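Trainee: I want to know what the labels on this model rest on. Can we go through them one at a time?

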Amino acid sequence: MATTDKVCFDRILPNEVYRPHPGRMLMLPGGPARAAFEIAKLWQNQTTLHIRFLNGSAQQKQIVRQFAPQWTEHANLTFVLDDAPTAQIRIAFNDDGAWSYIGTDALGIPANQPTMNFGWQDEGVVLHEFGHLIGMIHEHQNPSANPIQWNKQAVIQALSGPPNNWDPATIQHNMFDKYDLTQLNGSEFDPASVMLYSFPQTWTLNGFHSEANDVLSQVDMSFAEKVYPGRNGGAGTGPVELSVFEGALEADIGQPGEEDLYKFTARKAGRYTIETEGPTDLIMKLFGPNSTLIAQDDDSGIDRNPRIVTQLTPGEYTVQIRHYNTTAGTGTYSIKVGRS
Ligand SMILES: [Zn+2]
């Protein structure tokens with residue numbers, strides 16, 4: 001059982017179940033789909049995530065408290081295990097395997113339901129599920145120089161039975177589907193990642209197998225620092241002030257993976273438009289008070305620029321801009337916000 005018990009099920013939101021999953025590379029003819037699921041699921045840098053336990057013993061909670069903060073030594077996020085009634089992250093200890101929603105998907109889950117579950121607890125599984133929480137995917141679904149050649153029959157046979165009892169679609173989604181490279185912040189395949197499942201050699205055709213990785217790898221740590229910069233020096237300055245109606249602000253993505261943050265104040269309720277212009281292919285997310293995600297967009301504007309048009313109540317809002325291609329993309333753009 002040691003080889004099959006450490007698997008988890010990345011919950012996807014119900015509305016994604018009924019649509020083709022454009023963030024996945026499903027080996028479709030005509031090239032990869034253009035969308036940005038996993039990048040779109042990253043938290044705004046410096047977000048404070050409140051965490052509430054829905055059940056569990058003191059000892060179970062302690063294991064989470066002990067190991068989860070390893071991520072925030074690298075990622076510029078804050079985990080507060082304060083059982084806040086409005087906590088964005090809710091942890092259950094049910095006999096339901098180990099799983100987590102990925103990144104900001106947690107915000108779409110009803111407040112009385114878990115966003116993460118621990119059917120068992122140890123350092124490795126806590127780090128793995130909290131990796132999903134900050135937006136990481138399974139390493140075996142990393143398309144970059146991936147050395148795994150699955151013995152699909154063996155994998156299907158193992159995972160169809162207990163304790164997983166996965167149906168064929170779940171096995172396909174969790175094991176064989178790979179991501180589009182442009183969706184990911186990860187680089188090379190990392191056999192030491194805590195996000196790699198452990199599995200035996202009999203599951204592959206080329207001798208590849210994986211031991212349980214119970215600690216963060218160097219790549220895991222540098223991923224977290226790159227995606228959520230500022231914890232250990234470097235970037236992490238506050239958002240740039242954007243004035244409504246004041247014309248466009250010139251900016252650029254200078255480094256691959258860079259995140260630009262803007263804030264603006266909506267003084268009146270109304271319909272606001274936030275958009276970029278220029279040659280750079282960007283992704284935009286709009287956050288409201290308490291880091292709630294209001295909207296996100298990839299290509300609604302001119303060329304491949306994002307544009308968000310939405311009704312806002314008075315308050316402070318934050319706009320996050322990233323390049324569509326976080327592994328290589330840089331370029332200039334301008335950004336403006338208006339009310340109609
Ligand atoms: Zn997982």
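Trainee: Why are α5 and α6 called oblique to each other?
Mentor: Take the value first. Helix α5 (residues 152-160) and helix α6 (residues 168-176) pack at about 120 degrees. Under 35 degrees counts as roughly parallel, over 145 as roughly antiparallel, 65 to 115 as roughly perpendicular, and the rest as oblique. The α5-α6 pair is therefore oblique. One caution: this is a predicted model, where local features need pLDDT of at least 70 and side-chain atom pairs count only at pLDDT 80 or more, while totals for chains, interfaces and linings use all residues. Residues are numbered from 1 along each chain as its sequence is written, and side-chain values use heavy atoms, without hydrogens or water.

Trainee: What are the axes in the α5-α6 packing, and how far apart do they lie?
Mentor: They are lines fitted to C-alpha atoms, for helices over the stretch in contact, and angles run from 0 to 180 degrees between N-to-C directions. The axes of α5 and α6 are 11 Å apart. Helices here are DSSP runs of H or I with at least four residues, strands are E runs of at least two, and both are numbered from the N terminus.

Trainee: What makes the crossing of α5 and α6 left-handed or right-handed?
Mentor: α5 passes α6 in a right-handed crossing. K152, V155, I156, L159 and S160 of α5 meet I171, M175 and F176 of α6, contact meaning heavy atoms within 4.5 Å. These residues divide into 6 nonpolar, 1 polar and 1 charged. Ala, Val, Leu, Ile, Met, Phe, Trp, Tyr, Cys and Pro count as nonpolar; Asp, Glu, Lys and Arg as charged; the others, Gly among them, as polar.

Trainee: What makes α3 and α4 roughly perpendicular?
Mentor: Helix α3 (residues 58-67) and helix α4 (residues 123-133) pack at about 65 degrees, with axes 9 Å apart. That angle makes α3 roughly perpendicular to α4. The crossing is right-handed. I63, V64 and F67 in α3 meet E123, V126, L127 and F130 in α4. That contact has 6 nonpolar residues, no polar ones and 1 charged.

Trainee: Which are the edge strands of the sheet, and what makes them edges?
Mentor: Start with the order. The open sheet has 5 strands, β3-β2-β4-β6-β5, with mixed pairing. β3 (78-80) and β5 (98-100) are the edges, since each pairs on one side only. Pairing requires at least two DSSP bridges between two strands. Neighbouring strands are turned by 25 degrees against each other on average, direction ignored.

Trainee: How do you know that β4 and β6 pair?
Mentor: Count the bridges. Strand β4 (residues 89-92) and strand β6 (residues 116-118) run parallel and are joined by 2 bridges. A92 has N117 in β6 as its bridge partner. α4 packs on this sheet, touching β2 (48-53), β3, β4, β5 and β6, and its direction makes about 170 degrees with that of β6.

Trainee: Why does T72 count as buried?
Mentor: Buried means under 20% relative accessible area, exposed over 50%, partly exposed in between (1.4 Å probe, protein chains only). T72 stands at 13%, so it is buried. The loop between α3 and β3 holds T72. Leaving out residues up to four places away in sequence, T72 touches L77, T78, F79 and R231.

Trainee: Is F208 buried or exposed?
Mentor: F208 has 16% relative accessibility, so F208 is buried. The loop between β7 (178-179) and α7 (218-227) is its place. The C-alpha atoms of F208 and I148 are separated by 6.1 Å, although the two residues are 60 apart along the chain. I148 is also one of the residues that F208 touches, as is F189.

Trainee: Why do Q46 and D83 count as partly exposed?
Mentor: Q46 is at 38%, and D83 is at 34%. Both values fall between the buried and exposed cut-offs. Q46 sits between α2 (37-40) and β2; D83 lies in the loop between β3 and β4.

Trainee: What is the phi of Q46, and what is that of D83?
Mentor: Q46 has a positive phi of about 75 degrees, and D83 has one of about 55 degrees. Neither is a glycine. Most residues other than glycine have a negative phi.

Key: Left-handed = near helix turned anticlockwise from the far one by under 90°.
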